[in-house]
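This briefing covers one protein chain. The sequence and the model come first, followed by notes grouped by topic.

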Amino acid sequence: MRKEVAKLAGVSEATVSRVLNDVGPIKPETRERVLAAAQELGYVPNALAQRFARRKSGNIGVIVPVVPKVHLFTTYYFAEILSGIGDAAKRCDYDLLLIFREMDGERDYAKLFRTQKVDACIVLGAQNVAEERDALRELKTEGYPFCLVNQRFDGEGFMYVDADHEAGSYEAVRHLLERGYRDIAFLNGPGAYSNSEDRLAGYTRALTEAGLPVRKEHLFEGNYSRKSGYEAAAGIARLQQEGGIDAVFAANDRMAIGLMDGLREQGIEPGKQLAVVGYDDSDGSRIVSPRLSTVAVPFYEMGKAAALRLLAPSADDVPNENHLLPVQFVHRETS
């Protein structure tokens, strides 16, 4: 591949090696030409691994959002992803540096590289807002290696690792339809996350294929917290009591479990009077009563894949480029 990069850039293979390994003086225009050729040929991820042989910090940074009243390290989603990242970093002889970002705080991710704190970074909890896009575009423009987990920005060309949330949502709703449910409400997360859009697309596709309409009054939005699921219970209970719905699909287990608590306070027994399906297959889904039907998401594998894409010393260790990991529906007692 290096020979092809040299040919496309119009330079020698030795020059390609010096650019990719960041060794010796190189004219800026030559460097740009080589990097552009490498990117066009899909050689950039592997080349970045070579450049890490001369790393300055020995750290891979993980940017995580600070969520009020949420203990990140006891939250299944973050704990699994961070475990996967940490195991891969150890395997590649890197240390893990956690960077906490306030939800409405500054997003100067490039500063981490300029101050030589990290050699690469993984961004968790990225949102589709202008400030986020600008910060990520700066990383890409400057050639800093980074990877998004569980978030995509279509059309931007950012490296990411995600799960097939549309397929997972589709399977969850198809399960309810096959069990005879026809009026299915959907409790989704915020639209700033691509996974929320994916789950809505899967929900919509399943209903449409079944010849059923997507009703606006059946769509609810939370923020992926247990509290937001609990707060949605009043509106969902009202629809159930009026005969408007017979099942609910929630976009994560935390909201589903909060919803179940709220439904009980409204006099509705989850799994008996109203079917409930969650998403994540978290520890809570297995111990809540009744046990929650859900969709298993490989968060640990997602974190591991993201770190290996940035750090793996050998191309054989690097997962496929921008791919969606498979998910699996898990049938339990609430449906």
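**The parallel sheet**

Four strands form an open sheet in the order E7-E6-E8-E9, and their pairing is parallel. Strands (E, at least two residues) and helices (H or I, at least four) are DSSP runs numbered from the N terminus, and two strands pair if DSSP finds at least two bridges between them. Strands E7 (219-221) and E9 (275-277) are the edges with a single partner strand each, so one side of each has no neighbour in the sheet. On average, neighbouring strands of this sheet are turned by 20° against each other, direction ignored. The model is predicted: local features need pLDDT of at least 70 and side-chain atom pairs count only at pLDDT 80 or more, while totals for chains, interfaces and linings use all residues. Residues are numbered from 1 along each chain as its sequence is written, and side-chain values use heavy atoms, with hydrogens and water left out.

**Pairing and packing**

- Strand E6 (residues 184-188) and strand E8 (residues 247-250) run parallel and are joined by four bridges.
- Ala185 stands opposite Val248 in E8.
- Helix H9 (residues 194-209) packs on the sheet and touches E6 and E7, where contact means heavy atoms within 4.5 Å.
- The direction of H9 makes about 170° with that of E6; axes are lines fitted to C-alpha atoms, for helices over the stretch in contact, and angles run from 0 to 180 degrees between N-to-C directions.
- Helix H10 (residues 226-241) also packs on the sheet, touching E6, E7 and E8, and its direction makes about 160° with that of E7.

**A buried leucine**

- Leu139 lies in helix H7 (residues 130-142).
- The relative accessible area of Leu139 is 0%, so Leu139 is buried (buried is under 20%, exposed over 50%, partly exposed in between; 1.4 Å probe, protein chains only).
- Not counting residues up to four places away in sequence, Leu139 touches Tyr109, Ala110, Phe113, Cys121, Tyr144 and Phe146.
- Leu139 and Cys121 are 18 residues apart in sequence, and their C-alpha atoms are 9.9 Å apart.

- Met1 is placed in the segment before helix H1 (2-9).
- Met1 counts as partly exposed because its relative accessibility is 47%.

**The whole chain**

- The secondary structure comes to 13 helices and 12 strands.
- Of the 335 residues in the chain, 52% are buried.
- Among contacts between residues at least 6 apart in sequence, 73% join residues at least 24 apart.
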